[in-house]
Amino acid sequence: MHPKALIDHCAELIAQTLTFAHPADATVSQYCREQRSLGSRERPLLADAVYALLREKPLLEWLLRKLPAPKAAPAA
C-alpha cells in the first residue's frame, strides 16, 4: 500500500477512535473489517498507531497546553 494511503487510513481511524463512541478495540476491528484494501501488514500498523496515541494522549494534551498561542496572520 502506498504510504500516503496508509497515512490517510491512519488519520481516518484515529478520528473515528477519538469520538469515543465505542471502545477503541471495537473501532479498530470494525474499521479493518470495512476496509478490504488493508492487508496483513497494514492492520497491525494502524492498530499500533491508535493505541500509541491513546497511551500518550494525556501527555500530548499537556504539551499542547504549554505551547504559546499561535500568532494571527497579518491582514492582507
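Tutor: Let us begin with a cut-off, keeping in mind that this is a predicted model: a residue is called buried when its relative accessible area is under 20%, and exposed when that area is over 50%.

Student: Why is histidine 9 called buried?

Tutor: The relative accessibility of histidine 9 is 11%, and buried means under 20%, so histidine 9 counts as buried. Histidine 9 lies in helix α1, which covers residues 3-17.

Student: Which residues is histidine 9 in contact with, leaving aside its neighbours within four places in sequence?

Tutor: With those neighbours set aside, histidine 9 is in contact with Met1, Tyr31, Gln35, Ser37, Leu38 and Leu46, where contact means heavy atoms within 4.5 Å. For the chain of 76 residues as a whole, 18% count as buried.

Student: What makes up the secondary structure of the chain?

Tutor: The chain has 3 helices and 0 strands, and from the N terminus on its elements run α-α-α.

Student: How do you know whether the chain is spread out or compact?

Tutor: The globule rule gives 11 Å for 76 residues, whereas the radius of gyration of the chain is 16 Å, well over that value, so the chain is more spread out than a compact globule. Along its principal axes, the C-alpha trace spans about 45 × 30 × 20 Å.

Student: What share of the accessible surface belongs to carbon and sulfur atoms?

Tutor: Carbon and sulfur atoms account for 62% of an accessible surface that comes to about 5,900 Å².

Definitions and conventions:
Residues are numbered from 1 along each chain as its sequence is written. This is a predicted model: local features need pLDDT of at least 70, side-chain atom pairs count only at pLDDT 80 or more; totals for chains, interfaces and linings use all residues. Side-chain values use heavy atoms; hydrogens and water are left out. Helices (H or I, at least four residues) and strands (E, at least two) are DSSP runs, numbered from the N terminus. Buried means under 20% relative accessible area, exposed over 50%, partly exposed in between (1.4 Å probe, protein chains only). The radius of gyration is taken over C-alpha atoms; the globule rule is 2.2 Å times the number of residues to the power 0.38. Accessible areas come from the Shrake-Rupley method with a 1.4 Å probe; for residues, only the protein chains shown count as cover.
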